[in-house]
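Student: I would like to learn how to read a few features of a protein model. Can we take them one at a time?

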Amino acid sequence: MHEGSPAEFLRWIVLLPLIGFAINGLLNKRLPRAVSATVGVGSVAGAFVLSVMAFLKLRALPADERVLVDHLFSWIPVGELNIDAGLMVDPLSACMILLVTGVGSLIHLYSVGYMAKDEGFARFFAYLNLFVFAMLVLVLADSLPLLFVGWEGVGLCSYLLIGFWFQDLANSAAGKKAFVVNRVGDFGFLLGMFFIAEKLAGQVGDGNVLGFATMAAHPELLAPVATVAGLLLFLGATGKSAQIPLYVWLPDAMAGPTPVSALIHAATMVTAGVYMIARMNFLYVQTEVAMGVIAVVGLLTALVAATIALVQTDIKKVLAYSTVSQLGYMMLACGVGAFAVGIFHVLTHAFFKALLFLGAGSVIHAMHHEQDMRSMGGLRSVMPWTFRTMFVATLAIAGVFPFAGFFSKDEILYKAFLESPLLWVVGFAVAALTAFYMARLMVMTFFGENRADANTKSHLHESPLIMTAPLMVLAVLSVVGGWMGWPEFLGGSNWLHHWLEPVFAGVGAHGAEVVGHVAGATQGVATHAVDASHAADALHTGGHSVVTEWVLALASLSVALGSLWFGFTVYTRRQSVATQGQAFLGGAPHRLLSGKYFVDELYEYAIIRPIGWLSDNVLWRFVDAVIIDGLLVNGVARFLAMIGHVVRILQNGLVRWYAYSFAVGVFAMLIYLTRKGG
Amino acid sequence: MTWSDASLIAPILWVTLGGVAVLMTDAFWRRAGTGHLTAVSVVFLTIAAIYAARSDASGSAFAGALAADSFSAFFNLTFIVVALITLALGSSYFADEEQPLVEFFPLVMFATVGMMVMAAATDMITIFLGLETMSISLYVLAALQRRSILSMEAGFKYLILGAFSSAFLLYGMALLYGSTGSTHLPTMATAIQGVGFDRDLLFWMGWGFLLVGLGFKIAMVPFHMWTPDVYDGSPAPVAGFMAAGVKAASFAAMLRVVWTGLPALGDMWIDMLVVFAVVTMTAGNLIALAQSNLKRMLAYSAIAHAGYLLVGIVATTPSMTDPAARGILFYLMVYALMNLGAFALITLVSSREGEKVDLAGFAGLARRHPVISACVTVFMLSLAGIPPTAGFWGKVYVFEAAVRDGHTVLAVIALLNSAVAMFYYLRVVVLMYMREPEDEAYTGLDPQVGAAMVVLAVALLWIGLFPGPMAELARQGVSALAGSF
C-alpha cells in the first residue's frame, strides 16, 4: 500500500460534526430551533463538501498512489505496542465518507421537518451529529483500534437514538437490547484485535502496529491467526451488521425516530461490519474457513429475514427485516471474496433503503404515528411525491433494470454463482421474496381503500417540501446510483471496480476481480498460494463468463418483474388484507413467520432466563451475599477493624511511636542487608 | 562559579531570585497584599519555566555537583507547575486570615529551589543540600497557621521526624563515601563495578540508610507514620504541595541514586524493594479505606501511590528506552496534577469553614456545584487509574514495565491494590452525586481555586486522551539520565 500523501484538512471532516454536537449538546434548549437545525445540517453538509474535495484530490492522483493521510497524534505508546491516531482516505473510505456525509446531509435536512414539533429537537441533532462524527472516525481510521473507537461510538449513538423517546419504556428496552446484543459482538471484535496485536507487536518495528498499512504489509505474520481472528472480527460484524445470530436487535431498533432508522439502521452504521471486513481483506483472503462462514451466514440471514418480512404488518418492521436481508447479501459478497461488490451494494442499498425509510417516515408522519399497514391504504392520491419516490425505491430494491439495485444485486448473484451454483439458487430465491414483500408493502400502503379512522383520514396530507426534497434527491440516486458499476458485458466500464481496485489489490485473483481481468489474476497466483484454486476457477469460467452473465442477469430481472407483478396482483385483488397472508401461506407457516421463527423466545429461554436464574440464585444469593458480602466485605471489614486496632496503637499521634516504627524498619532492613551482603 | 555554571542552572537561579524578590516586595512595600506577592512569584516562575523548557544546553555544573540535562528539565517543569498551582490555591486560602501569612510565598519558592536542586544533583552532598532546603521550608510551611494547634503540631512532628530521617540519610552518605571513596554519583558507579562490593558491609549499610532517608520523604512504609498527621494538620495548599512536589523530588533523587547502584548490584537488594513496595501500597490502601476525613484519606492514598511508584523503581534499568523509568516520570507528573486537584477541593471547602473536611461534608456537592464536582470526579477517577484520565496511563506504563521485567506477581498485587483503592476514591464521587446535601454543607465558591481545578481536570483528561506528547517528554527525560552514567 502506498504510504499516502499528507492532507491535513481530513481532520475537519471529522471535527465539523463534533463541533455541531458540542454546540447543540451543550446549549441544547437555549438555542432557537432554527439555529439548532442550521448547526446540525450545516456541520454535516460542510463535512460533505470536504469529502468531495478529498474525493477529487484522490482522483487526481495516479491509481496506485491514491491514499491521503492525516497523522493526528501518537495515541497509545506502551512499550512495543505503538498505536498512532491518524485518518486515511483511500478509494474505499472515500466512497464511505461520501455516503455518510451525503446521505447523512439529506437525512439531517429531512429531520428538520420530521422532528419539527418534537420537544428534544436540539438533543436529536446533537445525537445525530455525534453519530456522524463517530461513523466518520470509523471509516476514516487508519488503524484497527481507532476504527473500534468509531465502532463503539456509533453503537452508543444508536443506543441513545433508539431510546430517544425514552419516556416510553418499550423504546428504552429496545435501546438496551441493541446495546447488549452488540456487546457480544464487540467482545469478539476485541478478542480478534488482541490476537492480531499479539502477533504483530514487536515484529514490525516502531511503526503503527495495528495500522491497516502495517498489517497489510505483513500478511505472513497474520497467517497463523487469520482464521481465529477473522472469525472473531466477524462476530463483531454480525452484531453491528445484524447477521445471524445477533440480528435480533435491529427490528426492535425501529423504536427510534424514523430518520434514525434511515441513517443509522439502514444506510450507514449497519454497513460498518461489511466495511470492516472489506477493510481487513488482506486478513480474510488468508482464511478459507472464515470466508466460507461469512458467505453461508450472510446467505442464511438474507433468506431468513426475507421470509419474516413477508408477513410483518408494521411498515418499519418490513423495512427492518428487508435491511437485515440486504446486509446478508453484502456479507455473501464479502464471503465469496467479492469485497468490491459488497461495497457496491452498500452504496446502492444506502440510497434506496434510506429513501424507503424516509418515505415510510413521511407516511407515518401523515398517519399520526400509525405504523400498521393494515390501517393504511390508498395513500397514493394523497401523497403523490412520497408514493412516486418510494415506487422508484421499490423497483431499485427489487432489482429492476436500470435501477440501482439491479446492478449490485445482479453482480453479487453472479459472484455467488462462480463460487457455487447452490449459493446462487438461494440468493435468487431471496431476490424473488424481496420483490414480493416490497410489492405487498406498496399495495397495503398506497393502493385500495384507506382503512384509517375518520379523524386520521381527515388530516392526511403530503409532507412539506423540506421532507419531500430529500426523497426526490434519493430517488434520483436510486436510479443512477448503480450506473457507477455498469458492468462490462452490458457495454459499461464498471468504474467502481477500477476505483476500488488498489484497496483490494491483495485479493487479486480471489474470485472478486476476475471478470475481464484474467491477466491480472495470474499475477495474484504467484503471490498468494491460497488464491491459486480460485484463480484456476476464474480462468476456467472466464471463457464463457459473458454468456453466463447474460443468462443470470436476465433470470434475475425476470424474477424481479415476475415477483413484483405477482405481489401486486395477489394483494390488489384480495379484499381482506388482514387475513390474506394467512390464507396465502396456510396456518402453521404463517405463525412461524409472524413469530419471527421464535428466535427472540429461544434467546429468552436459552440465554436470558438461565443467566437471570444464575444471577439471581447463584451470583446474587450465593456469590454476592455469602462470599462477597459475608466473607470479603464483612470479613475484610472485620480484618480491617483488627488492623485499625493495631494501627490505632501505632498511629496514636505520639511522635515517639512513630520513631519506634521507623527504627523497627531500619533494623529489619539492616538484618536483611547484612545477611545478603555482609 | 563561572558563567557557564550559572547559565546551566538558570531555572534554579530564577526561582531563587524570585523568592528573594518576594521577600523584598513584602519588606519594602507595606501595602503589598497576597495578590501582589503572587504576581511577583508567578513572573519569576514563568521566566524559570521558559528557561527550563528551552534550555538545550546540557552538561555538568559546579564540578559535577549538579547536572543540567533533560531529566532535570523535566522535573524543573514539574516543580514549577506544582508551585504555580500551589500559589494559586494559597493566595486565596491565606487571604482571609486576619494577618496575611505572607511567608507562604517565599517559602514555597525556596522549597521549589530545593526540589530542583534534588532533581539536578549528581553528588550526594548536593542531594542533601537540596533535600534540606526543601524540608526546612516545608517545616515552616506546615506550621504556618500559628493560631491553629493542629498546624503547629504538624510542623513540629514533621521537623522532629524529618531531622531523625536526615540523620540516617547523612550517615548513609558518610558510609557510602567511606566505602566508595567518593560522593560523586558517576564516580561511585564506576567504583562499585570493582570486586568485592557485593560483600562490603559498609557499602550495604550506607545504601540502606540512604534508602531510609529518601523513603521517609516519599512516605514508604514503615517510615510513613508522619504523613497522615502532617497532611491533616497542614494548611490544605501546603499539604497538596507536599504530596505533589516532595514526592516528585524524592523520586527524582532516588532514580539518580538507584541507577548508580542498580546496574552492578541490583539483584542484591531488589527483592527488598519489592517487599517495601508491596507493604507500602497495601498498608496505604487498606488504611485509606477506613478514613472518614478526606485529608487523611489522601495522605494514605499518597502512601499507596508511593508503593506503585516503587514498583516502577523495581522494574527500572538504566537504558535509553527503559519503559519503567519513563513510566515513573510520567506517573509523577500526572500524580502531581491529580493530587493538587484533590487538595484544591479541600482548599475550597476548608478556607471558608475552618478545617472541616469530613467526607460527609461533600454529600450532594454536585447539586450546588456541578462543574466543581465534575472536576473532582476526574481527579478521583485519575487517582483510581480509570481511563480516559491520565492516571490510567501512569499505571499502565509502570505496571507494564514491571511485567516486562519479570515482576508479574508484583504487578498483580499492584493491580489488586488498585481495585481496593477504587472503593475509597469512588466513595467521594458517590457522596457528591448520589446523596442529599447536609444543611451545613459547603455553599460558597472561590473563583481562583475553581479555575485551578478546571485547568487541572482538563489537563488530566487531555493527557489521558493523548498520552503521546507527555510520554515523549518523559522518554527524553530518561534518555538524558541513561546517557549520564
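Student: Is A:F504 buried or exposed?

Tutor: First, a caution: this is a predicted model. A residue counts as buried when its relative accessible area is under 20%. A:F504 has 2% relative accessibility, so A:F504 counts as buried.

Student: Where in chain A is A:F504 found?

Tutor: A:F504 is in a loop of chain A, the one between α22 (495-500) and α23 (518-527). Sequence separation and spatial separation can be read side by side here: A:F504 and A:A338 are 166 residues apart along the chain, and their C-alpha atoms are separated by 9.4 Å.

Student: What does the whole of chain A look like in such terms?

Tutor: Chain A has 29 helices and 3 strands. Of its 678 residues, 56% count as buried. For contacts, take those in chain A between residues at least 6 apart in sequence: 79% of them join residues at least 24 apart.

Student: In what order do the 3 strands lie in the sheet?

Tutor: The order is β1-β2-β3 in chain A, the sheet is open, and the pairing is mixed. β1 (5-6) and β3 (81-89) of chain A are the edge strands, since each pairs on one side only.

Student: How many bridges join β1(A) to β2?

Tutor: There are 2 bridges between β1(A) and β2 (residues 68-78) of chain A, and these strands run parallel. At the level of residues, A:P6 has A:V69 in β2(A) as its bridge partner.

Student: What volume does the second largest pocket have?

Tutor: Its volume is about 530 Å³. Of the 16 residues that line the second largest pocket, A:V180, A:V181, A:Y603, A:I607 and A:I608 are the closest to its centre. α6 and α28 (599-650) of chain A each supply at least two residues of this lining, and α28(A) gives the most, with 7 residues. The classes here are 11 nonpolar, 1 polar and 4 charged.

Student: How is a helix read, for instance α5 (residues 104-120) of chain B?

Tutor: Compare its reach with the expected span at 1.5 Å a residue. α5(B) has 17 residues and reaches 24 Å from first C-alpha to last, close to the 24 Å expected. As for covering, 16 of the 17 residues of α5(B) are buried.

Student: Why does B:M470 count as buried?

Tutor: B:M470 counts as buried because its relative accessibility is 13%, and the cut-off is under 20%. B:M470 lies in helix α19 (residues 468-484) of chain B.

Student: Which residues does B:M470 touch, not counting those up to four places away in sequence?

Tutor: B:M470 touches B:F74, B:F330, B:M333 and B:I463.

Methods. Residues are numbered from 1 along each chain as its sequence is written. Chains are lettered from A and ligands numbered from 1 in the order in which they are written. This is a predicted model: local features need pLDDT of at least 70, side-chain atom pairs count only at pLDDT 80 or more; totals for chains, interfaces and linings use all residues. Side-chain values use heavy atoms; hydrogens and water are left out. Helices (H or I, at least four residues) and strands (E, at least two) are DSSP runs, numbered from the N terminus. The expected span of a helix is 1.5 Å times one less than its number of residues. Buried means under 20% relative accessible area, exposed over 50%, partly exposed in between (1.4 Å probe, protein chains only). On a 1 Å grid over the protein atoms alone, a cavity is a set of points where a 1.4 Å probe fits but cannot get out, and a pocket is an open set with protein on both sides within 12 Å along at least five of seven lines; lining residues have an atom within 4 Å of a point. Grid points are joined across faces, edges and corners, and a volume is the space filled by probe spheres set on the points. Ala, Val, Leu, Ile, Met, Phe, Trp, Tyr, Cys and Pro count as nonpolar, Asp, Glu, Lys and Arg as charged, and the others, Gly among them, as polar. Contact means heavy atoms within 4.5 Å.
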